[in-house]
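This report concerns strand pairing, chain contact and model confidence. The sequence and structure are shown below.

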Amino acid sequence: MSSQGEKPHVPPPSLWPIGFAVGIACILIGLVVSWPVAAVGAAIAIAFGFLWIRDVTGSVREPVQAVEPETRRVADTGGAPKALEGREAMPPMSEEEIAAYPRSTFLSAATLGLGGVIGGIITVPVLGFAVLPSFTNQKDQSVELGPLENFAEGQFVIATYLEDFEIGEVTRRTVFVRNNGLLEDQPSFTILFSRCVHLGCPVQPNGLVYDEQKKTVGEKRVDLTPSLVTGFGCPCHGGQYDTEGNRTAGPPVRALDRAEFSIRDGKLWLGQFYSVGNVESTGARARIKKYDHATPGVHVDGPEAWLYPVEVPG
Amino acid sequence: MAVTPARRKSPRRAQIEAAALYPLDWLEERSGLVGAIKYFLFRRVPRDTSWAQTLGSASLTAFLVQAITGVILAFYYKPDPDKAYESIQIITNDLTLGWLVRGMHRWGASVFIILMFLHMARVFLYGAYKYPRELNWIVGVLLLTLGMAEGFTGYLLPWDQTAYWATVVGININGTAPFLGPFIAQFLQGGAAIGSDTLSKFYSIHMLVLPGAIAGLIGLHLYLVIRLGVTSPPWSPTEAGRERAPEPPSTNGREGLIRPSGRGGSNGE
C-alpha cells in the first residue's frame, strides 16, 4: 500500500511492550523465588498487555470516519493531515471504498495478534523449561562422614565423596573437617568447602597429608585422609586461606564456604553449605555470620553485597 | 550482431554449449537464483581493494570449516559425563582421520577468532565502519561475541581437567556480574554446581543455538555488504562512496554465467 511509508501512519513508540516484558520476567523469577512475586508479575503483565492491545487495536476500534482519510485515493494526493483539511471538498466516496481499508487493517491486526498469542502460548512454557529446572529440582545433600573417632581434635581431615553416584566423578566434592573439641559440652566441628571463593577452583591443603592413613567410610564411601594442614591455597589464581578459611592473600573476596553438620548415633553427618563473610576468632569460639551459599566471587557482606540483592534458589 | 568468421563456433560446439547451459537456464527462468548469485559474486568493487579486504571472506571460510568439521565430529562425540572424554579419545586415536578433523576444528576455532579480530582491525583502520555502515559494525561485534561464546561452550566438550576447571572459572566469572550474575551462573551450569546437565546444555548451545545465530547474522552482514558496497581505503585517490558508473550496455548477452532470458540461440547464430 502506497500510504504505509508515510509518517502519519507509523504508530508512535509505545512503552507498553516493555512493561509487558517486565511482567513476564517477574512471573518467571517469581516461579523460582516466591509466589507473590509471580502474582505481581502476572498483574503487571495483564495490565500492560491490556494497555498494549488497546494501543495496537486503537485504529481498528475507532469509528470508520476517523480512518476515512487513509483510503488509497486520499493518501496518493499527499498525506493524511492535508487530506483532513480537504475532506469537505472531496467527492463522496462509495461505501465499498470506505470499508476496504479498515477491514484489511483489522485482518492484519487480527493475524498479528492471534499469531502473537499462539507464539506466546508456545514460547512461555518452552522458555520456562529452558530456564527453570536449573533453579528447581535441586536436591539437598546429606552425607555420612563416619564415626566421630575418625576426627582427632584440632586436626583437619580431608573428606572427599561423590554427591551423586549415578552422575559420577563430576559430582566429586571435598571438604576439610576439623574437630574443635567440646564447647559447653557440645561437640564443635569446622567444615570448610574446598571450592575457592574466588572463582571456584579446588583449594589444596598446605602441609602434611597422611595419604597412607586414608580410609573409606559410610554408605557414600567417603574417603577420609588425616592431615596437618596449616592453610589452603588455590592453584588457579593464587588465593591463600588460613585454617579458619579467612583470606590471607590473593583475589578471594570472602572466607571459604562452610558446611553445617549434625551428629546421629555417634556419626558425623554433613549438611548444607553456607557462605561466610569474615571469621573472627578461631576453632569452637569462632564467630561466624551465616549467609546463603553464594556464587564464588560474590561478596556476601559489605556494600558490595548490595550488587547481589536476590538470593539464588536451589 | 557482427561476429567475425574466425570466432564463429562450429554448430556442434554451439549445440554442446546450449545443452550445458540448459539446466542453468531452466533454474534461472523459474527462480532467478542464477542472476542473484551473479549479482552477489560479480559486484563492482573499488579499484584499490587489496588482500586486506579478503579477511571477511576468510572469516566466513573459517566459520564454514568449523560448521562442517563440527557436524562430522557430532557423528562420533557423546555428550555424556561418562563417555565424553572417552569418545574424544576414540575420535583422536582410533577413528580413521579423526585426529585430522578434530585438529581442524580445534585449531580452526582459534583461526576463526583471530581472523575476526584482523577483519575488525581492517574495518577500523580503513574507517569502513562509518556512515552508512555503522549497523554492519554492530552486527560484526555481535558475530565476534557469538564466536567467542562458541569458544567458551566448545572448550568444555573435551571433558578433561582443563576443560572442567576452565569452565568452572568461566561460569563463576559470569556469576560475579551484578544483580543477575548468580542467576546466569546457575542457569549455565544447570544447577548449584557443574554436572551432567552442564555438558549437554553447553553441547546444545555450542552446536545448535550459537551456529544458527551466527549463520543468520552472517546473512545480514553479507546483505549489508552487498547493499552498501565495499569501502575504498582512506588513502584512495578515487572518492569513496561515489555513485556507481552505469552498467555498460550488454554487447553479446553472454557475459557472466548466463544469457538473459528471451534470447534463444547461442552466440553467432
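Pro205(A) has Phe232(A), in strand 7 of chain A, as its bridge partner. The model is predicted, and in it strand 5 (residues 204-209) of chain A is antiparallel to strand 7 of chain A, with six bridges between them.

## Other partners of strand 7

Strand 7 (residues 222-233) of chain A also pairs with strand 2 (residues 156-162) of chain A, in the antiparallel sense and over four bridges. Here Thr160(A) lies opposite Asp223(A). Asp223(A) likewise stands opposite Thr216(A). Strand 6 (residues 215-217) of chain A runs antiparallel to strand 7 of chain A, and three bridges join the two.

Two hairpins involve strand 7 of chain A. In the one with strand 6 of chain A, four residues separate the strands, and Gly218(A) in the turn has a positive phi of about 80°. In the one with strand 8 of chain A, six residues lie between the strands and Gly238(A) takes a positive phi near 80°. Strands 7 and 8 of chain A are antiparallel over two bridges; Gly233(A) is bridged to Gln240(A) in strand 8 of chain A.

## Contact between the chains

Chain B contributes 23 residues to the contact and chain A 22 residues. On the side of chain B that touches chain A, helix 7 (161-175) and helix 8 (181-189) of chain B are the elements that give two or more residues. By class, this side of chain B has 13 nonpolar, nine polar and one charged residues.

## Confidence

The average pLDDT of chain A is 83, and 83% of the residues score at least 70. Over residues 1-6 of chain A the pLDDT is below 50, and this stretch has 11 contacts in the model beyond near neighbours in sequence. Where pLDDT is low, predicted coordinates should not be read in detail.

Methods
Residues numbered from 1 in each chain as written. Chains lettered and ligands numbered in written order. Predicted model: local features only at pLDDT ≥ 70, side-chain atom pairs only at ≥ 80, totals over all residues. pLDDT = per-residue confidence, 0-100. Contact = placed C-beta atoms within 7 Å. Nonpolar A, V, L, I, M, F, W, Y, C, P; charged D, E, K, R; others polar. Pairing = 2+ DSSP bridges.
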